[in-house]
Amino acid sequence: MSLLELHNVEARYGPVKALHGVSLEVGDGELVAVLGANGAGKTTTLRAISGTVRSSGDVVFAGKKLSRRPETTARGGIAHVPEGRGTFSELSVWENLRLGAYARRANVKEEARRVYKFFPRLEGRHDQQAGTLSGGEQQMLALGRAMMARPKLLLLDEPSLGLAPIVVIQIFEALARMKRDDGMSVLVVEQNANLALEYAARAYLLEVGNVVVEGTSDELRANESVRKSYLGY
Amino acid sequence: MFLGAFTWTEFAQQLAAGIREGAIYAGLALAIVIIYRSTRVINFAQGEMATFTTFIAWSLMNHGLSFWTAFPIVLAIAFAGGVAIERVVIRPVENAPVLTIVIITLGLALLLNGLMSVIWGGANRQFNGPFSTRTIDVGSVPISVQDIGIVAVSVGLVVLLGLFFRFTKLGLALRAAAVNPESSRLVGIRVGWMLALGWGIAAVLGAVAGMMIAPVVFLDPNMMQTILLYAFAAAVLGGLDSPIGAVVGGILLGVTITLLGRYVGFIGSTLKLPAALLLILVLLLVRPGGLFGRVAVRRV
């Protein structure tokens, strides 16, 4: 049985329908990518899972239907790093990390040390306001904050957005290690299809709110239309 | 033009009186800022909430309780009342335009004011404070014990709150919910309850301000109305977004208007409020965000 299952999920913003019945699943410890162009519904898919947008259809997590209120999903073991990273720019790096562990009892200092081991650059910025960090550091902080929650599932929205290629590689390498160390599952939304397929075991391709292609990363790479439209060769 | 001869002793006494006034404004201004930060709403009922809880203290003391026994009971009632008001009155209109909520707080002020008249009558009442009005010498300046007590309690509460916001998990969650509710939900903070908690804390601040000032003025349903105006002014002066600004703004305003009223002849006690507002107007022309506030830059 999969850790996360979406059955026929629909979502709308006012009169505009963003998801027309999306079904997907993420297995235990699996890294799954959601690909697609701008406006295909990638972000909305994540938001439907965490409950930051209202949706219909079933979202089943660890065998239970999700209530789909963001604070409840967060408490249930799903960490969502949203578009724009969702760090608290007015608060310090340390306070951001503390908030990451808000929903559980934990030795916060111990957990923060673990995060600093993954992202040594953050340690020197312990007391700095998050808003003053560079884009790459903010993405590291967003991931670190998610790590503090020790989630079973991480929802990650466009981690590469606006970052230099070398930083993007660092982020994805850290992600792969986090997944391995913690055994968590990851559902990552990414416009950079080449990059995402390199790290993901499986992927879904969204077009205007529908899943049009799904399969292992190799299968997607071999797919003619995926290659032409999204991989560029 | 000075009224009477200038002496340093009197100046020091005026300064002390100004700080005492300012401490009251600071407490109330802080209450306004706490609610404003989390909801972008100015709570016009803040003064009436404070007076209402002060009346409860008065009733308890009339039934034979000492001030310091009544004090924690009133704070608990104020906290519960603040939380209840948010849950019952504000929550249902959470997503309404800010103006709607502001009008609701105005209505709440009127309602509480009327309730107080019905329950306790409109007459002035003597409120016996915990501090004596005799003076002690600080340096060589005689200052009333009451003034010192009021400042100590008000500032003590502000410091305690500061520590709470800075160092506790709940305090951090309250700050997070105020600056970024969306992300707060994503880490599992129950933002709705944080707003209610903010109202509870604001009500406690108001209750303390009320119980401190009531022995100096008289207790009646309109006791806080002028004081609330000064507190608004103090909050704007410090920057509506800044808790520290509210406290500094309150003290600064208290001292300024007390000294102006005493030493600038034509202002006296009648023109204190306009003079204070004029000062703030000038300051806001130079620093639109207040002393400590930040101006939101909007790109168009």
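**Reading the sheet of chain A and some neighbours**

Me: How many bridges join strand 3 of chain A to strand 8 of chain A, and do the two run parallel or antiparallel?
Reply: There are 4 bridges, and strand 3 of chain A and strand 8 of chain A run parallel. One pair to look at is A33(A), which stands opposite V188(A) in strand 8 of chain A. Keep in mind throughout that this is a predicted model.

Me: Which residue of strand 9 of chain A is the bridge partner of L35(A)?
Reply: The partner of L35(A) is L205(A). Strand 3 of chain A is joined to strand 9 of chain A by 5 bridges, and these strands run parallel.

Me: What is the order of strands in the sheet?
Reply: To read a sheet, go from strand to strand through the pairing. In chain A the order is 6-7-8-3-9-10, an open sheet of 6 strands with mixed pairing. The edge strands are strand 6 and strand 10 (210-216) of chain A, each of which pairs on one side only. Ignoring direction, neighbouring strands of this sheet are turned by 15 degrees against each other on average.

Me: Why is strand 7 of chain A described as largely enclosed by the rest of the structure?
Reply: The reason is burial: 5 of the 5 residues of strand 7 (residues 153-157) of chain A are buried, so the strand is largely enclosed by the rest of the structure. L153(A), L155(A) and D157(A) point one way, while L154(A) and L156(A) point the other way.

Me: What are the pairings of strand 7 of chain A with strand 6 and strand 8 of chain A?
Reply: Strand 6 (residues 78-81) of chain A runs parallel to strand 7 of chain A and is joined to it by 4 bridges. Here L154(A) is the bridge partner of A79(A). Strand 8 (residues 185-189) of chain A pairs with strand 7 of chain A over 5 bridges, again in the parallel sense. L156(A) stands opposite V188(A), and D157(A) stands opposite V189(A). From strand 7 of chain A the chain crosses through helix 7 (residues 165-182) of chain A to strand 8 of chain A, a right-handed β-α-β crossover.

Me: Which strands of chain A does helix 6 of chain A lie across?
Reply: Helix 6 (residues 135-148) of chain A lies across strand 6 and strand 7 of chain A, at about 170 degrees to strand 6 of chain A. Helix 10 (residues 224-231) of chain A lies across strand 3, strand 9 and strand 10 of chain A, at about 70 degrees to strand 9 of chain A.

Me: Where is E30(A), and why does E30(A) count as buried or exposed?
Reply: E30(A) is in the loop between strand 2 (16-26) and strand 3 of chain A. Its relative accessibility is 15%, so E30(A) counts as buried. The side chain of E30(A) reaches the backbone nitrogen of G27(A) at 2.6 Å. Residues touched by E30(A) include K179(A), M184(A) and S185(A).

Me: How many residues of helix 1 of chain A are buried?
Reply: The count is 8 of 9 for helix 1 (residues 42-50) of chain A, which is mostly covered. Among the buried residues are K42(A), L46(A) and I49(A). Just after the helix, G51(A) takes a positive phi of about 90 degrees.

Me: Why does the length of helix 5 of chain B agree with its residue count?
Reply: At 1.5 Å a residue, the 23 residues of helix 5 (residues 145-167) of chain B should span 33 Å, and the end C-alpha atoms are 32 Å apart, which agrees. V145(B) is found in this helix and touches F131(B), S132(B), R134(B), T135(B) and I136(B), not counting residues up to four places away in sequence.

Me: What do strand 1 and strand 2 of chain B form?
Reply: Strand 1 and strand 2 of chain B form a hairpin with 2 residues between them, and G139(B) in the turn has a positive phi of about 65 degrees. Strand 1 (residues 135-138) and strand 2 (residues 141-144) of chain B pair in the antiparallel sense over 4 bridges, with P142(B) the bridge partner of D137(B).

Note on methods
Residues numbered from 1 in each chain as written. Chains lettered and ligands numbered in written order. Predicted model: local features only at pLDDT ≥ 70, side-chain atom pairs only at ≥ 80, totals over all residues. Heavy atoms only, no water. Buried < 20%, exposed > 50% of the residue type's maximum accessible area, 1.4 Å probe, protein only. Pairing = 2+ DSSP bridges. Right-handed = clockwise from strand over helix to strand, strands pointing away. Axes fitted to C-alpha atoms, helices over the stretch in contact; angles between N-to-C directions. Contact = heavy atoms within 4.5 Å. Polar contact = N/O pair within 3.5 Å; in protein donor to acceptor, adjacent residues only side chain to side chain. Expected span 1.5 Å × (residues − 1).
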